[in-house]
Amino acid sequence: MHISQRQLFFDHLAQTSDFPLAIEIERAEGVYMYGTDGMRYLDLISGIGVSNVGHRHPAVMAAIQQQLDKYLHLMVYGEYVQSPQVKLAEALAQTLDLPQAQTAPYGKINNVYFTNSGTEAVEGAMKLAKRFTGRYETISCFNAYHGATQGALSLSGAEFFKRNFRPLLPGVRQIHHGVMADLDLITTRTAAVVIEVIGGEAGIRVPSLEYLQTLRRRCTDVGALLIIDEIQTGFGRTGTFWAFEGYDIYPDILLSAKGMGGGMPIGAFMASQEVMSVFKNNPVLGHITTFGGHPVSCAASLATLTTICDQALHQSATQKGELIKTMLQHPMIREIRGKGLMRAAEFESFEVLKKVIDTCIERGVITDWFLFCDNSMRIAPPLTITEEQLREALQTILDVLDEQ
Ligand code: PMP
């Protein structure tokens with residue numbers, strides 16, 4: 001008897017909800033994914049913030065291919081000199097060679113620790129902050145998502161996702177993203193504040209310039225490290241290469257993952273040499289990973305970075321984002337939030353939104369809601385999307401809304 005792939009998916013893949021999309025994809029190219037049933041889907045969420053240069057970008061594919069011909073894994077992290085890691089670290093340092101580095105107490109970020117994922121970058125950064133400051137209190141935001149391992153989960157800003165996994169890390173406190181008064185909770189006991197520039201899973205919350213600049217000053221004043229999580233905003237999504245650039249601030253530790261790999265798994269936490277060097281002693285090997293900075297992922301990531309910078313895709317994200325804002329006008333949409341190609345369209349309720357999302361998928365446009373904001377539609381297409389493709393997708397959404 002023939003058992004379908006779909007059935008095998010339900011039988012043998014660990015499920016984390018009773019309602020996976022369960023669309024079977026045969027191949028993907030650019031902004032499109034092609035189902036085994038012949039459907040063509042426009043990926044309006046970039047596999048959740050990953051395919052910033054689209055699926056299988058030719059430059060990324062060529063870089064992967066070239067590295068495949070040289071070597072795969074050679075040795076656990078940090079022992080051998082591997083050219084894909086070195087080149088990528090240097091290129092990342094260049095993106096961080098910014099004038100506002102002078103405003104950060106430990107200066108320019110020029111050291112990169114590569115990881116396999118976003119949550120592992122968060123874990124490494126939390127350890128680094130503890131070790132560097134000798135403190136353990138860590139502050140994060142309500143309704144923030146920083147990952148699913150236990151340290152990152154401790155930072156999660158929603159009790160619903162933490163309750164049944166306690167005890168988690170002690171000394172974690174939450175503040176409200178964008179609320180000035182809460183910054184008083186950052187004190188000389190604080191090792192680090194972990195924060196996104198734009199609150200992603202909270203439903204795309206854009207704070208004021210004044211808020212982020214005050215946060216930076218407060219961290220400096222009390223000796224807490226400012227850890228900026230750019231795992232979702234990073235690599236050009238919000239109109240600048242890093243989202244913090246738009247606010248004229250500079251982090252002490254910067255986190256990246258997701259879109260960084262152009263579709264390959266990779267993450268990083270980055271700091272100045274002064275901060276990062278504490279991992280060398282007390283204990284030696286302060287953080288360890290086997291696969292972090294895999295050469296194929298690093299090669300793909302460098303091609304992604306170069307493609308975004310050479311084609312100024314981050315700048316085009318600003319215009320395309322404006323198109324979303326102006327075109328997606330409908331009585332059912334209460335608000336469009338966001339920056340660049342990181343957008344949320346707010347509806348009356350989850351029930352209304354869910355029907356819209358499901359119908360859009362039937363028409364070949366993939367959107368989503370947010371972990372901590374279920375009345376808002378996630379719109380974050382590859383930065384490579386053409387204006388025509390974007391217009392077509394937005395028109396599909398508007399047509400679906402007209403039919404409700
Ligand atoms: N931080 C942010 C802001 C994220 O959006 C995510 C992933 N959604 C993570 C951390 C965790 O990344 P990963 O899934 O690669 O562990």
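Which residues surround the ligand?

Guide: Happy to, and keep in mind that this is a predicted model. The residues around the ligand are S117, G118, T119, Y145, H146, G147, E196, D229, I231, Q232 and K258. Sorted by class, that shell comes out as two nonpolar, six polar and three charged residues. As for where this happens, the ligand takes up the space of the largest pocket.

Start with G118, which takes part through its backbone: one of its polar backbone atoms is 2.8 Å from an oxygen atom of the ligand. Q232 also faces a ligand oxygen, but here a polar side-chain atom is involved, at 2.7 Å. With D229 you switch to a nitrogen atom of the ligand, which is 2.7 Å from an N or O atom in the D229 side chain.

Let's step away from the ligand and look at the rings. There are 14 aromatic pairs in the structure, and one of them is Y77 with Y113. Their ring centres are 4.2 Å apart and the planes meet at 25°, so this pair counts as stacked, the cut-off being under 30 degrees. Y77 comes from the loop between α3 (58-68) and α4 (83-95), while Y113 belongs to strand β4 (residues 111-115), so the pair ties together parts that are 36 residues apart in sequence.

Finally, some backbone details in the loops. R166 and P167 are joined by a cis peptide bond, with omega at about 5°; you'll find P167 in the loop between α7 (159-162) and β6 (172-175). Another cis peptide bond links N282 to P283, with omega at about 0°, and P283 sits in the loop between α9 (273-276) and α10 (295-310). Then have a look at A22: it isn't a glycine, yet its phi is positive, at about 55°. A22 is located in the loop between α1 (5-12) and β1 (25-29).

Notes. Residues numbered from 1 in each chain as written. Predicted model: local features only at pLDDT ≥ 70, side-chain atom pairs only at ≥ 80, totals over all residues. Heavy atoms only, no water. Near = heavy atom within 4 Å. Polar contact = N/O pair within 3.5 Å; in protein donor to acceptor, adjacent residues only side chain to side chain. 1 Å grid on protein atoms, 1.4 Å probe; cavity = no way out; pocket = protein on both sides within 12 Å on 5 of 7 lines; lining within 4 Å. Sits in = over half its atoms within 2 Å of the grid points. Nonpolar A, V, L, I, M, F, W, Y, C, P; charged D, E, K, R; others polar. Phe/Tyr/Trp six-rings, centres within 6.5 Å; stacked < 30°, edge-to-face > 60°. Helix = DSSP H or I, 4+ residues; strand = E, 2+ residues; numbered from the N terminus.
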